[in-house]
Amino acid sequence: MPRTRTPLVPGWFTTEGEEFRLLGTRCRVCGSVFFPREDSFCRSPDCASTELDEAPLSRRGRVWSYTDGRYRPPAPYVSDPDAEWQPYTLIAVELAAERMVVLGQGAPGVTLADLAVGMEVEAVPGVLSEDAEHIWTTWNWRPVTSGSEERS
Ligand SMILES: [Zn+2]
């Protein structure tokens with residue numbers, strides 16, 4: 001039976017249109033941008049707005065910090081103790097236009113040696129985990145290779 005590609009959290013990113021984008025929300029009154037998306041009220045302390053619109057975030061940002069997970073985290077982290085632990089990189093990316101930092105895993109194959117603070121990275125589709133019925137999708141950060149065209 002074919003498995004369904006299912007976003008781990010619905011509404012946090014889109015693959016519609018031509019490119020993958022993270023989805024936040026923007027306050028109609030003060031313009032603050034929120035990710036994870038805030039749909040009920042503006043979290044700015046100086047703003048009482050309850051009107052927020054979905055807003056695609058910048059596709060590219062710069063590495064603000066990064067680390068890697070070489071060991072299986074303890075409970076309540078969910079993972080199969082019988083499966084071999086796959087190290088991964090965790091990257092905090094600063095989005096200049098939104099003035100925020102968004103955490104995400106590095107794309108498969110991205111190691112600490114590939115990363116540097118200030119390096120340009122872009123959001124790409126990723127897979128968090130798989131089970132019998134689903135492929136749980138998420139976003140990954142991937143270094144922008146030199147020579148790739150600038151589209152934003
Ligand atoms: Zn606001």
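Which strand do 4 bridges join to strand β10 (residues 134-143), and in which sense do the two run, parallel or antiparallel?

Author: The model is predicted: local features need pLDDT of at least 70, side-chain atom pairs count only at pLDDT 80 or more, and totals for chains, interfaces and linings use all residues. Residues are numbered from 1 along each chain as its sequence is written.

The strand in question is β1 (residues 4-7), which runs parallel to β10 and is joined to β10 by 4 bridges. Here strands are DSSP runs (E, at least two residues), numbered from the N terminus, and two strands pair if DSSP finds at least two bridges between them. Within this pairing, Arg5 has Ile135 of β10 as its bridge partner.

Strand β8 (residues 100-106) also pairs with β10 in the parallel sense, over 2 bridges; Gly106 is there the bridge partner of Trp141. Strand β9 (residues 120-130), by contrast, pairs with β10 in the antiparallel sense over 9 bridges. A hairpin through 3 residues joins β9 to β10, and Val121 stands opposite Pro143.

Trp141 also belongs to the largest nonpolar core, which has 14 residues, and is among those with the most contacts inside it, together with Leu22, Ile91 and Val93. Such a core is a set of buried Ala, Val, Leu, Ile, Met, Phe, Trp, Tyr and Cys residues joined through C-beta atoms within 7 Å; buried means that 20 or more other C-beta atoms lie within 10 Å of the residue's own, with C-beta atoms placed from the backbone. β7 (88-95), β9 and β10 each give two or more residues to this core, and β7 gives the most, with 3 residues.

Leaving aside neighbours within four places in sequence, Trp141 is in contact (C-beta atoms, placed from the backbone, within 7 Å) with residues including Ile91, Val93, Gly106 and Val121.

Key: Buried ≥ 20, exposed ≤ 12 C-beta atoms within 10 Å, placed from the backbone. Contact = placed C-beta atoms within 7 Å.
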